[in-house]
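Thanks for coming. I will go through the aromatic residues first, then the nonpolar cores.

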Amino acid sequence: MAEGKGFGKTILFGEHFVVYGLPGIASGLGNATIANVEKTEKFEFEDNRPEIPGYKEKKRQEIQNQLDSLLEQFKIGKGQDSIKITLEGNLECSSGVGASAALAVSIARALSQMLGRDLSDEEINKIAYIAEEAGTGKGSVSGIDNTCSTFGGFIRFEKNMQGRPNKIERLSIGRPVEIVLASTGITQETKKVVADVRGKKEASPQEFEKIFKEYRETCQKAFESIKTGDWKTVGEQMDKNQELLRQIDVSCPEIEEIVKTAKEAGALGAKLTGTGRGGYVLLLTPSKELQEKVAKKVEELGYKTLKTEIGAKK
Ligand code: MEV
């Protein structure tokens with residue numbers, strides 16, 4: 001039996017913008033997916049990950065495509081002398097927390113261990129990216145999710161648009177910081193939302209140029225503030241990022257309701273994270289007390305929350 005772990009992730013800055021080569025900032029979460037693999041007579045897959053209702057059913061084909069890609073990359077057949085993969089862990093599957101990247105990374109790590117391959121983090125990351133692309137379709141993911149899921153901690157990420165290696169800067173902070181992830185309960189298809197944004201960008205190039213310029217400034221300021229632990233400024237930049245996400249039309253009424261309530265309760269910053277139009281809302285609450293207070297207010301609206309941390313490392 002071999003075991004592998006893949007962190008969940010949250011994007012602090014840059015979902016959708018990273019697809020076009022702009023920088024993004026993301027972090028591994030304290031919550032993770034664990035994969036166990038063992039040799040069996042024929043292929044078996046048992047998915048015991050916690051989920052928001054309907055997630056696994058909606059993602060069935062995507063999960064299947066990812067598994068096929070991972071088996072192919074490790075040259076494992078589904079017939080005789082195959083493997084059983086069991087997934088578990090405390091990362092609840094939902095849009096926006098990098099559940100599919102955590103699946104790919106955890107299985108890749110477990111297979112690497114089982115086969116005695118001892119792959120480096122960089123190699124695991126590459127395999128997980130290929131599996132992610134197999135899941136959602138070529139060109140629809142930037143690689144930010146699998147990078148966070150592999151390395152944990154904070155990363156500044158820039159996709160190389162010429163197909164060369166992406167630029168990844170890892171960043172250590174003094175201690176992990178409390179956040180609340182509030183679930184809208186809506187599962188979205190990344191591929192579809194990315195395609196919608198692309199369509200809008202093609203229809204209004206000048207408007208997007210302006211948004212991109214503003215975003216770059218926001219992201220740079222946030223990055224400097226994370227380095228110095230200035231969470232107040234990080235929160236302000238998150239709010240600006242949320243405004244830009246509204247402008248590219250990836251917010252939705254549930255996200256807006258959570259953002260408003262969390263800000264009123266004292267969250268330093270509040271924005272959607274990941275694909276958008278559902279999924280999770282990221283609320284910056286850098287103390288246990290604030291985290292409790294904000295989560296409680298959001299839960300009173302009927303939304304589920306995950307109290308976790310950013311900056312958690314491998
Ligand atoms: C999804 O978590 C983030 C997107 O920017 C797509 C990607 O970068 O892979 C929407």
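Tyr 20 and Phe 212 are both buried, meaning under 20% relative accessible area with a 1.4 Å probe, protein chains only. This is a predicted model, where local features need pLDDT of at least 70, side-chain atom pairs count only at pLDDT 80 or more, and totals for chains, interfaces and linings use all residues. Residues are numbered from 1 along each chain as its sequence is written, and side-chain values use heavy atoms, with hydrogens and water left out.

Now the rings. Phe, Tyr and Trp rings (six-membered ring for Trp) pair if their centres lie within 6.5 Å; planes under 30 degrees apart are stacked, over 60 edge-to-face, and the rest tilted. That rule gives five aromatic pairs. One of them is Phe 17 with Tyr 215, stacked, at 4.5 Å centre to centre and 25 degrees between the planes. Phe 17 is in the loop between β1 (2–13) and β2 (24–40), and Tyr 215 is in helix α7 (residues 205–228), 198 residues apart; helices are DSSP runs of H or I, at least four residues, strands runs of E, at least two, numbered from the N terminus. Phe 17 and Tyr 215 are both buried. Tyr 20 and Phe 212 make a tilted pair, 5.8 Å between centres and 35 degrees between planes. Phe 17, Tyr 20, Phe 208, Phe 212 and Tyr 215 form one aromatic cluster.

Next, the cores: sets of buried Ala, Val, Leu, Ile, Met, Phe, Trp, Tyr and Cys joined through side-chain atoms within 4.5 Å. In the largest, of 62 residues, Phe 13, Phe 17, Phe 154 and Leu 283 touch the most other members. Helix α7 gives the most to this core, eight residues.

How values were computed
Buried < 20%, exposed > 50% of the residue type's maximum accessible area, 1.4 Å probe, protein only.
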